[in-house]
Amino acid sequence: MRRMQQRIVRSPEETMAFAGKLAGILEPDDVLTLSGDLGAGKTVFTKGLAKGLGIQEMVSSPTFTIIKEYRSGRLPLYHMDVYRISDEEDIGLEDYFDQGGITVIEWAENIPSWLPADYLNVVITRLDEKARKITFTAHGPRSEHLYREIMKDEDTGN
């Protein structure tokens with residue numbers, strides 16, 4: 001069963017802080033997919049995840065390199081941007097899903113057949129210049145657990 005949870009953030013800093021909290025409950029081989037219009041805040045969200053994982057490197061969008069790897073944190077972070085990739089292309093993205101890190105895929109809707117069976121989809125929608133709506137949808141048992149942890153955090157106001 002797929003469940004959906006929404007969270008409103010009012011600034012890039014709040015987006016990063018929220019993603020940083022999420023990073024604290026991520027485990028090896030978790031996969032997150034990020035969707036949203038250009039400039040919605042997908043890379044800002046990923047920067048927050050990286051900070052929450054203790055990654056020291058500067059995080060930037062992998063638009064032209066497709067994959068950036070960051071290994072200085074609690075877990076490796078594999079940040080992918082598949083905006084220019086189609087579902088028919090095989091560039092080996094799935095090789096990262098079981099390497100003991102966190103995989104974040106921007107524009108994952110372009111490669112639905114390449115996605116693992118279990119992932120947490122994150123959709124970022126621009127509400128105004130700074131505010132964003134972040135919607136989470138669980139796909140599989142591990143992402144369902146992450147979803148419940150996010151809900152628990154929301155229920156306690158932490």
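In strand S7, Val 9 finds its bridge partner in Arg 132, and Gln 5 is likewise bridged, with Phe 136 as its partner in S7. Strands here are DSSP runs of E with at least two residues, helices are runs of H or I with at least four, and numbering starts from the N terminus. Altogether, six bridges join S1 to S7, and the two run antiparallel; two strands are said to pair if DSSP finds at least two bridges between them. This is a predicted model, so local features need pLDDT of at least 70 and side-chain atom pairs count only at pLDDT 80 or more, while totals for chains, interfaces and linings use all residues. Residues are numbered from 1 along each chain as its sequence is written, and side-chain values use heavy atoms, with hydrogens and water left out.

S7 also pairs with S6, again in the antiparallel sense, over eight bridges. Asn 121 stands opposite Thr 137 of S7, and the link from S6 to S7 is a hairpin through five residues. Seven of the eight residues of S7 are buried, so this strand is largely enclosed by the rest of the structure. Buried here means under 20% relative accessible area, exposed means over 50%, and partly exposed lies in between (1.4 Å probe, protein chains only).

Thr 135 gives a closer look at strand S7, where it lies. Thr 135 is buried, with a relative accessible area of 8%. Setting aside neighbours within four places in sequence, Thr 135 is in contact with Met 4, Gln 5, Gln 6, Asn 121, Val 122 and Val 123, contact being heavy atoms within 4.5 Å. Met 4 is 131 residues away from Thr 135 along the chain, yet their C-alpha atoms are separated by 6.7 Å.

Zooming out to the whole sheet, seven strands form an open sheet with mixed pairing, in the order S1-S7-S6-S2-S5-S4-S3. S1 (4–9) and S3 stand at the edges with a single partner strand each, so one side of each is left without a neighbour in the sheet. From one strand to the next, the twist averages 20 degrees. At the S3 end, S3 (residues 67–70) and S4 pair in the antiparallel sense over four bridges. Lys 68 has His 79 of S4 as its bridge partner, and S3 and S4 form a hairpin with six residues between them.

Two of the helices come next. The axes of H1 (residues 12–23) and H2 (residues 42–52) come within 7 Å and cross at roughly 45 degrees. Axes are lines fitted to C-alpha atoms, for helices over the stretch in contact, and angles run from 0 to 180 degrees between N-to-C directions. That makes H1 oblique to H2; under 35 degrees counts as roughly parallel, over 145 as roughly antiparallel, 65 to 115 as roughly perpendicular, and the rest as oblique. On the H1 side, the contact includes Pro 12, Thr 15, Met 16 and Phe 18, while Val 44, Phe 45, Lys 47 and Leu 49 are among the residues that H2 brings to it. Sorted by type, the residues of the contact of H1 with H2 come out as nine nonpolar, four polar and one charged. For that count, Ala, Val, Leu, Ile, Met, Phe, Trp, Tyr, Cys and Pro are nonpolar, Asp, Glu, Lys and Arg are charged, and the others, Gly among them, are polar.

H2 lies across S2, S4, S5, S6 and S7, running at about 155 degrees to S2. The buried residues of H2 are Lys 42, Thr 43, Phe 45, Thr 46, Gly 48, Leu 49 and Ala 50. What covers them includes H1 and the strands S2 (31–35), S4 (77–81), S5 (102–106), S6 (119–126) and S7 (132–139). After H2 comes Gly 54, with a positive phi near 80 degrees.

As for the overall layout, the protein chain has three helices and seven strands, following the pattern β-α-β-α-β-β-β-β-β-α along the sequence. Of its 158 residues, 47% count as buried. Among contacts between residues at least 6 apart in sequence, 62% join residues at least 24 apart.
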